[in-house]
Amino acid sequence: MACLPAIGNCFFVVAGLLLLTGTSGHAEMPVLPRGKGERCVEPTDVMRKDHMNFLYHQRDKTVYQGIRTRQHSLTGCIDCHAQADNQGRFIAVNAPRQFCQTCHSFASVKLDCFECHAATPDEHRTAVNAFEVDSLNFPLWHMTGANEQHE
Amino acid sequence: MNSMNKSHQHDRRDKGGPHCQSLPAHGARRRRLVAGAASAAGLYAAAKGFSLVELAMAKSADQAASSLTRWGLLIDAAKCASGCDACVSGCNSEHNLEKFDRPESDPQWIRKLDLVDRQTGHASSLPMLCQHCENPPCVDVCPTGASFKRADGIVLVDKHTCIGCRYCVIACPYKARSFVHETLHNQKSYSPRGKGTVESCTFCVHRIDQDPPAGQTGRLPACVEACHADGNGAMVFGDLNDQNSAIAVRLKTRPSRQVRADLGLNTGVRYQHV
């Protein structure tokens, strides 16, 4: 029974710390690099929630029926959203702070599409792979609207 | 048996709720729909004045592969030169099949074979690849359903479902399948490949499925294109079901053979002058 006041004290200390650090359950949303086109194939809030459903449907239609429309294709996403570095080389969309990885890091969801799928458009074969990016430490000056622009 | 089934259905209907009672109505509606679709297709064919088989040409990107088409490849071994590997390098660069200096296990979708008749000494050379069987043993043995045959006869691996067990590699009589042992980095957007999955010739579906270029009826697989550009023009690709296609005409007018025809697999790849 003597330990109860101690527990009560601990509770207040923790609550105070939470208030001080501002951890009120709201984290700042990640800011994504802009795509090339004028607008996405679906509204942003729909894409944020359902992009994997679109990709799953398109995947099965492509693999089993050979339907290769670009509306919801992974290739279409990458062609629009892959960023280029200052030498014009595309950076993999699953590299840190790139389009896919930014949100997936934020949400702690593992991204394994790119173990098989190309993470850069085909047009430049001198693309930079995700595994190379850390060591090269690119200045991400080209990202309009990104949180951290300059290194 | 029929009467037993009927009474069983009747029992289910009696015991079930409103959902079960609506089953027969669904069945009748489906039958009407099927009949309607069939007659519509017939009317369309009659109105256009050609048979349904001729509808099956190269499809556009938004159309589903159809069983009216069966893609096939004819290889003339008399034209295929020993030492020429235009088709192999064409395939390797199209799909970016990286080599790791381990020929026993490096992925290979098409390989050249040099054959010698031991009795007569007659030598011939031919490419060996997935034969796109009508009754593919790789599909039979696949435990997950990842190996499958498309409606137009192309045998593929759904790598999302493949667990890399390699039963299909063993079942294939043509040694046409490879397993990816290494982590890959430079895949092409149209040819996803990854460690831990099985792969083989796809007849370049990514080309066949696309809208044909202006003035052409369709696109060719990379090996066929390379064989015509850099090799000896020993390959003919086309629709086996289209009686007027170059491949069907050649098969009709000249003798050809399937490799291991005794297995009854009805291969989509045929050889001449072997």
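**Note on strand S8 of chain B and its sheet**

1. Five bridges join strand S1 (residues 71-76) of chain B to S8(B), and the two strands run antiparallel; strands here are DSSP runs of E with at least two residues, helices are runs of H or I with at least four, both numbered from the N terminus, and two strands pair if DSSP finds at least two bridges between them. Within S8(B), Leu74(B) has Val236(B) as its bridge partner, while Ile75(B) is bridged to Met235(B).

2. The model is a predicted one, in which local features need pLDDT of at least 70 and side-chain atom pairs count only at pLDDT 80 or more, whereas totals for chains, interfaces and linings use all residues. Residues are numbered from 1 along each chain as its sequence is written, with chains lettered from A and ligands numbered from 1 in the order in which they are written.

3. The open sheet consists of three strands in the order S8-S1-S9 (chain B), with mixed pairing. S8 and strand S9 (269-272) of chain B stand at its edges and have a single partner strand each, so one side of each is left without a neighbour in the sheet.

4. Five of the five residues of strand S8 (residues 235-239) of chain B are buried, so this strand is largely enclosed by the rest of the structure; buried means that 20 or more other C-beta atoms, placed from the backbone, lie within 10 Å of the residue's own.

5. As for the chain as a whole, chain B has nine helices and nine strands, and 34% of its 274 residues count as buried.

Conventions
Buried ≥ 20, exposed ≤ 12 C-beta atoms within 10 Å, placed from the backbone.
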